[in-house]
Amino acid sequence: MITIAELAFREVLSKKIFYIVLVLTVLFLVVYGIALHFTVTDISKWADPVGSRLTGSVMYSQLLSLALYFSTFIVALMTVFSAVGSVSGEIESGTIQAVITRPLKRWEYISGKLAGSALMMSVYAAALYLAVIGITRYITGYRPSDILPGMVLFLIIPLLLLALSLCGSSLMSTMANGITVFMLYIIGMVGGMVEQIGIGINNGALVNIGILSSLVMPTDAIYRKMVFGLLTGPDNPINTLTFNPFSSSSPPSDLMIIYTIIYVVAVILAAVVIFNRRDI
Amino acid sequence: MVIKIDRLTKWYGNKLGCQDICLSVLPGEVFGFLGHNGAGKSTLVKMLVGLIFPTSGQAEILGRPLGDTEVKKRVGFLPETFRFQDWLTGYQLLNFQASLYKMPGSTRRNRIEEVLKLVRLSGHEHYKIRTYSKGMQQRLGLAAALLPDPDLLILDEPTSAMDPLGRKEVRDIILKLKDDGKTIFLNSHLLSEVEVVCDHVALIKRGRIIASGSINELKEGNIEVEMKIGNFNKVVQQALKDTGIPVWWEKDRVLATVGDREQIPFLAETVIRNGGSLYQLNTLDNSLENLFLSLMQEGGEQN
């Protein structure tokens, strides 16, 4: 299992796209930093100090939620693209034949793939998350609450997508799997937005659509939980009063986190069961 | 018994992969599994190495049922077209394969060097695999299969994608392994290869074994007859078919396999009586190729 995980890890490092993604991520952070810088410069020119502090707090939290939303999106995209072909790609190319015919159980192969990719994506996601929070704090002085619990939630998102991509990869072709997982992710995302609008206009049907979609794909619910903890804690009471589609005014309960963990475990088990029976 | 297969059958949905395959391979034997492309050779090998699961029947390798992880440590397998992580160097690939075989670090380095030497890749191991020629890649695959010093080596079309020189190189390695007493299961559609290296062969057609035995046993009792026939029209062709003797032809060159010398004049008489002009009739050295063609044709008619 460790051998497979190590190889999966090294494979990512051997690809040019990995370095391109790193450069583009830095570019994203730079653009975000510049946007924050000019916002701060603009707000600090205001004559009314109370008004400027209040507006600043709202603006920075909105910009931070925007950055976190797109960070989640980048991490999700990266996870799906890197994992959809992790098994099916090897089956399609035939490299798997000289691997699983060795003294290796099939579950070890799947767990190795999962462990290698999970480690890689977690390091990337954690770095991106801390960079976004750090840049915000450094430039604006804005302090979100619950940074570490937020990071744990932020890491659950790629882990969930990874498990789902791996499960699909042991069942479908790379292309079909990529489309399926990404569509599911989009369903979760749209459902989350619909739910926020539903809460905003007090429409039960929209809220129910959101809840249903988060049961199918809990990524957005986890994002909302994270962003609520970060932006709506005791330090940031204002945020609950403003509507922001990237933020959350009514977070999912802790039960949603338990549901998501069960979801991830079930998907991993399904991947193992499917792959155990699959003809290659 | 190194391999013991009992009525192994594989269906892919409603398409037959292979059916009721029974065979056994003894220690130290080089066993050739022969058939056209798509006959079901790879299906059998894939079941043996655990890539696909049989629909019915059973098999044992080194006394253990299929899929046994401990047995896999003693089996080397070279897939039909050996594909690998081509971003690795040859050495890195072998090192990865050695960890899959759970070889201890202390013996690993020496063993990698040994197999590299055996397949004549020493000096190339630190280049990326994507820079290797097809022949070198196949030999690297062979090196990977040989890493655990296996009791059984399963080779699926080891030379199919190679040029004649590459084929000879791989064939020489197989012969050397044979001399070293290795048991080898060789899947091939190349008769010349099987004829040179194998002790026993089984012929598969449309998923079923149609003949098996030692090469000498299979050749025994059959005489190849080559004829040049003028006016080789449909009447003559039908008459030859009606004799019941396996016959096939290319233009005016006709080949027949007779089980008995007495059938030779009978063949000549059939040609002449039906208006064919018999310019030439020779008996040939009985090569496996002719036998193969004859058995494949017979097998087809029986099916």
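The model is predicted. Chain B and chain A bury about 2400 Å² between them, and a search over all chains finds 21 salt bridges in the whole structure. Two helix pairs of chain A are also described, one roughly antiparallel and one oblique.

**The interface of chain B and chain A**

- The contact involves 27 residues of chain B and 26 residues of chain A.
- Of the area buried between the two chains, about 2400 Å², 59% lies on carbon and sulfur atoms.
- On the side of chain B, the residues that lose the most area to chain A are B:Leu51, B:Trp87 and B:Leu100, which together account for 28% of what that side buries.
- One salt bridge is counted between chain B and chain A.
- B:Lys10 and A:Asp279 form a salt bridge in which the closest N and O atoms are 2.5 Å apart.
- At least two residues of the side of chain B that touches chain A come from each of helix 1 (41-49), helix 2 (69-72), helix 3 (90-100) and helix 5 (134-146) of chain B.
- Helix 3 of chain B supplies the largest share of that side, five residues.
- By class, the side of chain B that touches chain A consists of 15 nonpolar, six polar and six charged residues.

**Helix 2 and helix 3 of chain A**

- The axes of helix 2 (residues 16-44) and helix 3 (residues 49-83) of chain A come within 10 Å and cross at roughly 170 degrees.
- Angles over 145 degrees count as roughly antiparallel, and helix 2 and helix 3 of chain A are therefore described in that way.
- Helix 2 of chain A contributes residues including A:Phe28, A:Tyr32 and A:Leu36 to the contact, while those from helix 3 of chain A include A:Met59, A:Leu63 and A:Phe70.
- This contact has 14 nonpolar residues, five polar residues and no charged residues.

**Helix 7 and helix 9 of chain A**

- Helix 7 (residues 174-200) and helix 9 (residues 219-231) of chain A pack with their axes 7 Å apart, at an angle of about 50 degrees.
- The two helices are therefore oblique to each other.
- In helix 7 of chain A, A:Tyr185, A:Gly188, A:Met189, A:Gly192, A:Met193 and A:Gln196 meet A:Thr219, A:Asp220 and A:Arg224 of helix 9 of chain A.
- The residues of this contact divide into three nonpolar, four polar and two charged.

**A salt bridge within chain A**

- A:Glu90 forms a salt bridge with A:Lys113, and their closest N and O atoms are 3.1 Å apart.
- A:Glu90 belongs to helix 4 (residues 88-93) of chain A and A:Lys113 to helix 5 (residues 106-140) of chain A, so this pair ties together parts that are 23 residues apart in sequence.

Conventions: Residues are numbered from 1 along each chain as its sequence is written. Chains are lettered from A and ligands numbered from 1 in the order in which they are written. This is a predicted model: local features need pLDDT of at least 70, side-chain atom pairs count only at pLDDT 80 or more; totals for chains, interfaces and linings use all residues. Side-chain values use heavy atoms; hydrogens and water are left out. Axes are lines fitted to C-alpha atoms, for helices over the stretch in contact, and angles run from 0 to 180 degrees between N-to-C directions. Helices (H or I, at least four residues) and strands (E, at least two) are DSSP runs, numbered from the N terminus. Angles under 35 degrees count as roughly parallel, over 145 as roughly antiparallel, 65 to 115 as roughly perpendicular and the rest as oblique. Contact means heavy atoms within 4.5 Å. Ala, Val, Leu, Ile, Met, Phe, Trp, Tyr, Cys and Pro count as nonpolar, Asp, Glu, Lys and Arg as charged, and the others, Gly among them, as polar. Buried area is the accessible area (1.4 Å probe) that two parts lose on being put together, summed over both. A salt bridge is a side-chain nitrogen of Lys or Arg within 4 Å of a carboxyl oxygen of Asp or Glu.
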